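Work through these exercises with the sequence and the model side by side. Each task is followed by a stepwise solution.

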Amino acid sequence: MVMECLICRGAVQREDLEFCGVIICEHCEGKMMHLSAEEPEYEAFVSALRGMWQRRFQASRDRRLKDGDQL
């Protein structure tokens, strides 16, 4: 299974930032660390992270997601 970046949907390496069952590529991680709320890409980052947390919440609420399961 090919893993993809939560933000840009590009292919990722195993060394990239991984948390809560998702991966953010090195490029997006660097961009996120320096992104301000006034920049046009900010909303895309917020939207991707919000969607991840909403899916995680819904899955845990439906009791389909166990600790350690990926989305």
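**Exercise 1.** Find the salt-bridge partner of Glu43 and classify both residues by accessibility.

*Solution.* Step one: Glu43 pairs with Arg50, with the closest N and O atoms 3.8 Å apart. A salt bridge needs a side-chain nitrogen of Lys or Arg within 4 Å of a carboxyl oxygen of Asp or Glu. Step two: Glu43 has 44% relative accessibility and counts as partly exposed. Arg50, at 41%, is also partly exposed. The classes are buried under 20% relative accessible area, exposed over 50%, and partly exposed in between (1.4 Å probe, protein chains only).

This is a predicted model: local features need pLDDT of at least 70, side-chain atom pairs count only at pLDDT 80 or more, and totals for chains, interfaces and linings use all residues. Residues are numbered from 1 along each chain as its sequence is written, and side-chain values use heavy atoms, without hydrogens and water.

**Exercise 2.** Which parts does the salt bridge of Lys31 and Glu41 tie together?

*Solution.* Step one: the N to O distance is 3.2 Å. Step two: Lys31 lies in helix H1 (residues 26-34) and Glu41 in the loop between H1 and H2, so the pair ties together parts ten residues apart in sequence. Helices (H or I, at least four residues) and strands (E, at least two) are DSSP runs, numbered from the N terminus.
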